[in-house]
Amino acid sequence: MSSHGSASLTNRAKKLTVIDGGGSPGPELSIVIPTFNERDNIVPLIERLRTALRNIAWEVIFVDDDSVDKTLDVVRDLSIRDRRIRGIRRINRRGLAGACVEGILSSSAPIVAVMDADLQHDETRLAEMLEIIRRDEGDLVVATRYGDEGSADGALTSIRSAGSRVAIRAAQRLLHVETTDPMSGFFMVRRWIVEKAAPKLSQQGFKILLDLIASSPRSVRIAEIPYVFRPRIHGESKMDAAVVTEYLGLLVSKWSGDLISGRIALFGMVGSSGVVLHLAVLRLLLLQGATFSIAQLGAMLVAMVSNYTLNNTLTYRDRRRRGWQLLTGLVLFSLLCSVGILAGVGVSSLFYGNKSQWWLAGLAGAVIGAAWNYITNSLITWRHAR
Ligand code: GDD
Ligand code: MN
């Protein structure tokens with residue numbers, strides 16, 4: 001018998017083992033739900049899902065970042081009685097996007113949905129979203145608050161609603177993303193699309209959908225379906241300034257075609273804010289009658305502490321230093337940045353000495369100094385996940 005024949009025999013044997021395994025088939029739809037302190041929402045959510053998904057083979061995967069309110073205990077209680085429900089517990093980690101990716105990768109259903117746990121997303125839309133994918137009218141269905149009949153009027157403050165619209169406009173312009181709600185946390189997609197994009201997706205922040213669209217081939221067809229974003233009843237929103245800044249980092253990163261990572265973009269933004277702060281404090285101190293060197297020293301210290309604090313809470317949010325570590329980190333950061341400044345000055349003098357343009361010399365020094373600061377601080381000051 002040829003080697004080809006024996007290979008197909010083994011394949012057939014493998015197929016047989018799968019058929020003979022005696023198990024029941026897996027679900028068609030996996031719903032991934034990130035949770036962080038959502039204890040009171042779990043039971044009502046499952047009740048609603050059971051009703052909404054009556055004729056569908058579904059499973060639900062809660063991905064919890066070790067909530068202090070023990071959200072997962074509620075999930076585990078439900079799992080004992082219903083095998084369609086399970087939970088993943090992540091320790092020492094935070095991040096809505098990362099939780100979603102992890103949940104999706106843990107599923108094997110061909111179609112996955114992501115939705116919030118807090119009952120703000122309308123679960124009765126799920127069946128229709130699934131129908132769109134079944135009919136092959138799209139590979140990704142976004143539930144949008146801004147389509148024809150969608151709305152978020154009752155659920156968002158006016159500031160947040162305005163911010164949301166600006167962020168959407170920015171995403172559409174910069175990344176040529178065409179959906180009306182690229183920030184939606186409610187969508188359904190063929191699993192292979194996430195599987196393919198997963199290595200490129202950011203773990204931080206809220207913007208998983210935008211990231212997914214920006215990291216996927218243009219050929220992925222996006223459909224939309226309107227829904228009404230409901231107000232939150234139990235618990236509170238985890239959206240904050242850090243989430244917004246992370247979003248900006250993601251925009252810059254994707255806009256540069258992944259050349260710049262989200263972290264570098266944030267580090268750069270923090271650095272630039274330091275320059276502005278430095279000049280402002282310098283001017284202020286000079287106006288107060290301080291000598292130039294004292295004023296310059298004061299401005300440097302203020303900028304250094306501000307840069308350190310911002311980097312610690314935003315750029316390296318996932319490796320944030322606390323307590324004593326916060327102080328030792330400041331010392332490390334200042335030392336490394338001082339070396340960076342010296343290196344930068346050295347490089348610009350070198351360029352300038354070689355008769356290059358003053359601005360080129362200055363720019364080279366700034367780039368080298370910034371690169372040094374970023375690399376060494378990533379490797380030393382914020383080396384470990386905490
Ligand atoms: N595992 C995990 N880890 N889950 C998280 C985390 C986290 O760090 N942060 C938030 N979540 C969970 C919440 O428990 C909730 O189930 C869901 O993610 C959404 O969080 P909310 O804090 O309720 O977000 P929101 O209502 O302010 O924001 C919604 O609207 C945004 C657009 O305005 C979400 O749908 C966002 O995805 C969406 O971008
Ligand atoms: Mn919410």
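A polar contact here is a pair of N or O atoms within 3.5 Å. Keep in mind along the way that this is a predicted model.

**Stop one: ligand 1.** Select ligand 1 and the residues around it: 26 residues surround this ligand, and the closest are Glu38, Arg94, Asp116, Ser237 and Lys238. Now look for polar contacts. At Pro34, a backbone N or O atom lies 2.9 Å from an oxygen atom of ligand 1. Ser237 brings a polar side-chain atom to 2.6 Å from an oxygen atom of the ligand, and a polar side-chain atom of Asp118 lies 2.7 Å from an oxygen atom of ligand 1.

**Stop two: the manganese ion.** Stay with Asp118 and select ligand 2. Which residues coordinate the manganese ion? They are Asp118, through OD, and Gln120, through OE1, at 1.9 Å. Both Asp118 and Gln120 are buried.

**Stop three: the two domains.** Zoom out and colour residues 3-236 as domain 1 and 262-381 as domain 2. Their C-alpha centres lie 40 Å apart.

**Stop four: helix H9.** Next, select residues 241-255, which form the 15-residue helix H9. From first C-alpha to last, H9 reaches 21 Å, close to the 21 Å expected at 1.5 Å a residue. Show the side chains of its buried residues, among them Val243, Tyr247, Leu250 and Leu251. The buried residues of H9 pack against helices H6 (158-175), H8 (208-215), H10 (262-287) and H11 (292-315).

**Last stop: Gly257.** Following H9, pick Gly257, where phi is positive, near 65°.

Key:
Residues numbered from 1 in each chain as written. Chains lettered and ligands numbered in written order. Predicted model: local features only at pLDDT ≥ 70, side-chain atom pairs only at ≥ 80, totals over all residues. Heavy atoms only, no water. Donors = N, O, S within 2.8 Å, 3.2 Å for Na, K, Ca; no water. Buried < 20%, exposed > 50% of the residue type's maximum accessible area, 1.4 Å probe, protein only. Domains from an automatic or database assignment. Helix = DSSP H or I, 4+ residues; strand = E, 2+ residues; numbered from the N terminus. Expected span 1.5 Å × (residues − 1). Contact = heavy atoms within 4.5 Å. Near = heavy atom within 4 Å. Polar contact = N/O pair within 3.5 Å; in protein donor to acceptor, adjacent residues only side chain to side chain.
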